[in-house]
Amino acid sequence: MTAPTSDGMSAPELLALPVAIDLDTANRALRIGRSTGYALAKAGEYPVRVLRLGSAYRVVTSDLLALLGVTGYGGAVEGHGAFGAGEAHKLCA
């Protein structure tokens with residue numbers, strides 16, 4: 001059994017997260033309470049990049065994994081995300 005890295009989320013669970021996650025999931029991974037997490041996001045002081053999409057907050061998973069020191073995201077080269085150095089994704093904004 002893999003030891004949890006934070007509040008019940010193991011490294012494999014973290015690696016299985018989608019590209020962007022809701023703030024509650026990021027709070028859980030970082031062991032930040034809900035109120036504190038939303039206050040940090042609103043103040044622009046959340047420890048990783050937060051995207052504001054309408055009234056929803058989303059956290060970029062690769063930033064979260066880097067902060068937590070979890071490697072192996074999508075089989076990518078460490079430090080280069082899922083696309084490698086200099087590569088861009090094909091998603092629209």
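**Close-up views of a predicted model**

**View 1. Helices H2 and H3 pack against each other at an angle of about 115 degrees.** Here H2 covers residues 23-30 and H3 covers residues 34-42, and their axes lie 9 Å apart. Helices (H or I, at least four residues) and strands (E, at least two) are DSSP runs numbered from the N terminus. Axes are lines fitted to C-alpha atoms, for helices over the stretch in contact, with angles from 0 to 180 degrees between N-to-C directions. H2 and H3 are therefore roughly perpendicular (65 to 115 degrees).

This is a predicted model, in which local features need pLDDT of at least 70 and side-chain atom pairs count only at pLDDT 80 or more, while totals for chains, interfaces and linings use all residues. Residues are numbered from 1 along each chain as its sequence is written, and side-chain values use heavy atoms, leaving out hydrogens and water.

**View 2. Arg31 sits in the loop between H2 and H3.** Although Arg31 is not a glycine, its phi is positive, at about 60 degrees. Arg31 is exposed, with a relative accessible area of 62% (exposed means over 50%, buried under 20%, and partly exposed in between, with a 1.4 Å probe and protein chains only).

**View 3. The largest nonpolar core has 17 residues.** Such a core is a set of buried Ala, Val, Leu, Ile, Met, Phe, Trp, Tyr and Cys residues joined through side-chain atoms within 4.5 Å. Look for Leu14, Ile21, Leu23, Tyr46, Val59 and Leu64, which have the most contacts inside this core. H2, strand E5 (56-60) and helix H4 (61-68) each supply at least two of its residues. H2 gives the largest share, four residues.

Technical notes
Angles under 35 degrees count as roughly parallel, over 145 as roughly antiparallel, 65 to 115 as roughly perpendicular and the rest as oblique.
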